[in-house]
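Student: Hi! Could you walk me through this protein structure, one question at a time?

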Amino acid sequence: MAHRYKQLRQHFILSEIKKNKSVKVTTLAKKLCVAERTIRRDIQDLKHTGLIRPQYGGAVLCSIKDAFPYEENKLYLHTNMDINMFSFKQASPPQNGRVFILGSFNTDLVYRLQHFPDSGETIRALNSCCLPGGKGSNQAVAACRAGAHTHFAAKVGEDEFAAKAQQFLNNVGLESLTLFSHPSIPTGSAVVMISEDAGDNAIVINPGANQTISADEVMTCYDTIGESDVFLTQLENNPDATAMALKFAHTCGITTILNPAPWRESARDLLSWVTIVTPNLTEAESIVGSPVRTEDEIRRAAEAIHHTGPQLVIITLGNKGCWLFDGLQHRSFPAFPAVNIDTAGAGDAFNGALAAQLASGVNITSALIYAGAFASLAVERQGASNMPEHNVVIKRLNSLTNSPST
C-alpha cells in the first residue's frame, strides 16, 4: 500500500503543478498530511520526467521548450515505471464496476403523517418506525443492488445504533466496508417526516460521528479509492475530510460524483473537482442564488453550475425526472411512473444507481435511464435504504421503455 500511495501522491503533485503552474512544499505537505521532506523527495523524483523544475520552497511547471524526458542521456521514463504511469494524458483504464462511497450512516426515525405540521402545531403520526439510513449508506446499498463492486466508508459512535449499523452494513452486499468509530460522539440520526397529502418528505439530521471523520482516516482509504472507477460522496460528513477525499479521487483520474446535499456554502469550492454534480431543485437554487422552477430557470441554472467546473450537471426534478446539461446541449429525462410509498431516499437511490452504471462503463444516457427506473422502484418501498434488485429494474425498463435488457 505504501508503494501505491507514493504513486498516487506524486500523481496529485503533478496535477497540482499542472493546474497552478507552481506549488509550495509547505502547501503540499499540509494538503497530503505528510512531512515536508517527503514532498521534497517526491519533487526530486518528479523532476526526472522533464515536466517540472524544482525551485526554492517548491516546484514549477516547465515550458515545452524546457521539458526534456532525459536525465544524463538516460531514458528515465523508460527505466522508472512509477513516474511513467503519471503522464498528464493517462489512458483510460478498463471499467471494472468499482464504486467507492464516502458518506454518512444515520439511524432514521421515520414518521408517516397525513400532512406536514404547521409552525407550533402538534399532530398524530399515522405510524412510525426506526430504520437504517444516511445518504452515504443509502447510496452504497443502491450501488450494490445495481450491481457495482461497492466499498463504503463511514463513521459511527460506540453506541447501540453503531452495533445495528455494523450488522446492517455487513449484510447488504458490500464488497468491502470501512467503519470508523468515535468513543464519545453518538452515531448520526435523522427524523424523517413523510406526508401522505404532499407525497413528499422533510428530513432533519443530527450528523453526530459523521462530522468527526478525519484526514488521517480518509488517507487510510486512498488505496481503495485509487482502484475505483467512480467516487461518490455527499455533504453529511466532515467537510474538510470530504474535500480531501474528493480532490484525491479527482487527481487519480477517477469519475467523481458530488451529491451536494445538504448544501453548504463551503461546498462551492469543491465543484471544480467534480466530474458530475447532482443537485435537486432546492440545492440548485442554493448554488446559483436564484429561483429554479421553470424550464428556462433550470436551463440557466444548469449552465451557471457547469461554469463552476463540473463536466456534467444533472438536476434531479423529483417526480418529473431529471435534467442533464453537458456543456453543449440540454436534455430532459422524464420520470418512470411509480406509486409513491416512501420518497425518502429517492435521490440516494438515483445517485447510487447512476454511479454503479457509470462504473460499469455505460454511457450517461443509458445510466440516467437506468437510475430513473431504479429510483421509481425505490419510492414504492417503505424505508430509505430499501432498494430494488438489478433484475427488477431491468423488468421495469423492459415493460415501460424500448430499452433492451442488459
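Tutor: Gladly! A salt bridge is a side-chain nitrogen of Lys or Arg within 4 Å of a carboxyl oxygen of Asp or Glu. Please keep in mind that this is a predicted model.

Student: What is the N to O distance between the side chains of arginine 299 and glutamate 295?

Tutor: These two side chains meet in a salt bridge, and a salt bridge needs a nitrogen and an oxygen within 4 Å. The N to O distance here is 3.6 Å.

Student: Which helix holds arginine 299 and glutamate 295?

Tutor: Arginine 299 is partly exposed at 31% relative accessibility, and glutamate 295 is partly exposed at 45%. Because they are 4 residues apart in one helix, about one helical turn separates them. That helix, residues 295-306, is α12.

Student: How many residues apart are arginine 98 and glutamate 175?

Tutor: Their side chains meet in a salt bridge, at 2.2 Å from N to O. Arginine 98 belongs to strand β6, while glutamate 175 lies in the loop between α7 and β10. The pair therefore joins distant parts of the chain, and arginine 98 is partly exposed with 29% relative accessibility.

Student: How many salt bridges does the structure hold?

Tutor: Another one is formed by the side chains of glutamate 265 and arginine 268, at 2.8 Å. For the structure, the number of salt bridges is 12.

Student: How many disulfides does the search find?

Tutor: Cysteine 144 counts as buried at 13% relative accessibility, and cysteine 221 counts as buried at 4%. The search covers the whole structure, and the number of disulfides is 0.

Student: What is the accessible area of the patch formed by Leu109, Tyr111, Val191 and Val204?

Tutor: One member, valine 191, sits in strand β11 and is partly exposed, with a relative accessible area of 33%. The four residues form a nonpolar patch on the surface, and together their accessible area is about 310 Å².

Key. Residues numbered from 1 in each chain as written. Predicted model: local features only at pLDDT ≥ 70, side-chain atom pairs only at ≥ 80, totals over all residues. Heavy atoms only, no water. Patch = residues over 30% accessible without salt bridge, like charges linked within 9 Å, V, L, I, M, F, W, Y side chains within 5 Å. Areas by Shrake-Rupley, 256 points an atom, 1.4 Å probe, with all protein chains shown as cover. Helix = DSSP H or I, 4+ residues; strand = E, 2+ residues; numbered from the N terminus. Buried < 20%, exposed > 50% of the residue type's maximum accessible area, 1.4 Å probe, protein only. Disulfide = S-S within 2.5 Å.
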